[in-house]
Amino acid sequence: MLKKLLHAELPLGLFWLTLGLLAGLVYSLEMIGLDANATLLSPERARSLHISQMLYGFFPLILSLLPFALFEQEGVLSEKGLSHLRRYFAVWNLFLLFMTMSILFGNIRGLPFYDFPYQLNFILAGSGIFYLLALVDALRRYEKRPLWVNISLAAVVVAPLLLLVLMNPQYGQVEQTLVGPHGDNTLGMSFALIPIYYLLIKLNATRPFVPAGKGLWIIPLGGYIVSLAIRNFVHPLSYTEEWIFQYLTLLYLPLLWIWLRDAGVSFKTNPYLILSILAFALVDVEGNILFIPEIRELIHRNDLVVGHAHIAMGLGVAFMGLSVAHRLAGEIFNRFFAIGWSVLILLMALSLSVAGSIEARWVGGSVEPFWLLRSIMGAGLVVLAGTVLVRRLYRPLRTPLEWYHLNGFLSDAAGGALLLVFGGVIFNLLGFHFSGTYEYVVFAFMIGTGILHWNGMDGDADRLAGISATLRLVVSATFASLYLAGILDGIALLVSLYDGAYGLLYWLVLRDRK
């Protein structure tokens with residue numbers, strides 16, 4: 001049942017992933033000279049969209065299926081629970097849509113990790129209501145709830161509240177600790193991953209698994225609580241105090257090794273999970289080295305740190321989500337995808353690390369060749385994710401009406417998306433006036449019409465073609481009138497001619513063809 005849900009949600013999820021990767025590619029190209037300021041992907045917007053999609057898009061959505069994969073494994077997942085999950089996905093995707101549009105239109109705050117309007121967190125938290133309902137539906141089917149279920153329930157109940165509090169622009173800890181040392185934040189963020197790794201290992205265990213090594217996570221948790229108390233009620237943490245809390249993260253490494261050993265999980269069992277834990281270990285060790293004051297002073301916020309973050313997110317966290325996807329859809333997220341993605345991310349991180357070493361003046365040379373290498377690896381990731389997306393979207397076309405819908409989807413949805421981002425440049429090249437106001441509403445309408453055509457390829461092709469053709473004729477008449485009245489320039493005539501012709505193609509030619 002869960003596999004069917006994942007397959008249904010994959011196309012949109014992969015679209016968000018490809019969009020985020022594409023924004024990152026654009027930003028990397030802007031670093032080496034590309035001028036995109038006349039588009040909606042100026043450097044600050046491209047960077048913000050890339051980071052936000054990586055943190056809130058495809059990977060966390062897929063990872064959120066983890067407890068339900070365990071529920072299905074234990075036979076307590078119901079169709080009612082899946083219905084709640086579908087609503088959860090719908091609201092989260094709504095959040096991603098609002099977030100994407102907000103960032104593209106410049107509603108950003110210049111923050112490193114959380115760069116969209118705070119109000120959108122209420123949509124995100126609202127999705128958690130349906131997630132909680134799905135969780136409760138499964139819990140009711142247990143006679144006695146196991147430990148992992150209680151951990152999942154606690155996380156789901158607390159997470160939306162923490163989201164609204166910690167992200168608050170006035171008193172949230174996220175914004176209060178953006179500058180200066182933040183070793184206790186690293187400790188807290190690392191600890192948040194440990195229960196997830198526990199559930200992932202349990203899901204993939206090849207023999208009965210009872211987690212050992214409790215002290216290895218209790219000590220860091222206690223340290224994090226103490227750090228919060230000192231920071232918020234006593235005094236700002238000193239560098240030495242930050243350092244002590246940062247180094248507690250090293251206790252997680254033997255803990256994860258013990259769990260993998262006891263559960264019998266190997267690369268053959270789930271390559272994504274093993275690669276994720278290896279990335280976590282690498283980032284943990286590297287992060288503690290980079291926290292040494294003499295080193296940190298030279299590399300803080302330079303490309304070496306950016307490379308470090310790419311391993312943490314692009315391998316560590318991303319592969320946590322993909323380890324769930326591998327479990328449910330191994331034919332799509334197979335070993336080839338895991339290795340290909342890992343090689344590209346590691347080469348990207350290596351190029352950024354060398355660039356950071358040059359910036360810190362540890363070695364000589366120019367950073368531009370390594371920025372170019374970063375862009376090449378980024379292009380490889382876009383191609384890799386885009387290939388999977390296209391394969392998921394592919395369907396055979398058997399009738400002229402299905403081809404009509406495909407062309408309508410490409411011209412309106414894909415064309416509308418391009419105009420949304422690059423409309424100002426395209427209009428100027430064609431010699432048309434671009435006000436940057438009503439045009440965006442038209443582009444959004446185009447995307448909606450294109451999605452209507454996409455649904456027409458899945459079924460009810462004749463009815464949806466009739467609806468889209470009628471819409472096109474109304475639009476055609478409106479733009480023609482505005483052109484003849486001298487209100488709009490030649491672009492209105494082009495829109496009128498295209499939409500009128502495409503609408504009539506259905507009503508006069510394709511309507512009665514079977």
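Predicted model: local features only at pLDDT ≥ 70, side-chain atom pairs only at ≥ 80, totals over all residues.
At least two lining residues are supplied by each of the helices α1, α5, α17, α18 (400–430) and α19 (438–456). By class, the lining of the second largest pocket comprises 32 nonpolar, five polar and two charged residues.

One cavity of 30 Å³ or more is present in the structure. The volume of the largest cavity is about 50 Å³, and its lining is formed by Glu9, Leu10, Leu12, Gly13, Phe58, Leu61, Ile62, Phe89 and Asn93. Helices α1 (2–31), α3 (58–63) and α5 (79–104) each contribute at least two residues to this lining. The greatest contribution is that of α1, which provides four residues. Six residues of the cavity lining are nonpolar, two are polar and one is charged.

The axes of helix α10 (residues 215–233) and helix α12 (residues 252–263) come within 8 Å and cross at roughly 150°. Because angles over 145 degrees count as roughly antiparallel, α10 is assigned a roughly antiparallel orientation to α12. The crossing of these two helices is left-handed. On the α10 side, the contact is made by Leu216, Trp217 and Pro220, and on the α12 side by Tyr252, Pro254, Leu255, Ile258 and Trp259. The contact of α10 with α12 contains eight nonpolar residues, with no polar and no charged residues.

Helix α12 also packs against helix α13 (residues 271–290), and the axes of this pair come within 10 Å and cross at roughly 165°. This angle makes α12 roughly antiparallel to α13. The crossing of α12 and α13 is left-handed. From α12, the residues in contact are Tyr252, Leu253, Leu256 and Leu260, whereas α13 provides Ile274, Ile277, Phe280, Ala281, Asp284 and Val285. In this contact, nine residues are nonpolar, none is polar and one is charged. Tyr252 of α12 takes part in the contact with α10 and also in the contact with α13.

A further helix pair is formed by α16 and α17. The axes of helix α16 (residues 335–359) and helix α17 (residues 368–393) come within 9 Å and cross at roughly 160°. At this angle, α16 is roughly antiparallel to α17. The crossing of α16 and α17 is left-handed. Classification of the residues in the contact of α16 with α17 gives 17 nonpolar, four polar and two charged.

Terms used:
Residues numbered from 1 in each chain as written. Heavy atoms only, no water. 1 Å grid on protein atoms, 1.4 Å probe; cavity = no way out; pocket = protein on both sides within 12 Å on 5 of 7 lines; lining within 4 Å. Points joined across faces, edges and corners; volume = space filled by probe spheres on them. Nonpolar A, V, L, I, M, F, W, Y, C, P; charged D, E, K, R; others polar. Axes fitted to C-alpha atoms, helices over the stretch in contact; angles between N-to-C directions. Parallel < 35°, antiparallel > 145°, perpendicular 65-115°, else oblique. Left-handed = near helix turned anticlockwise from the far one by under 90°. Contact = heavy atoms within 4.5 Å.
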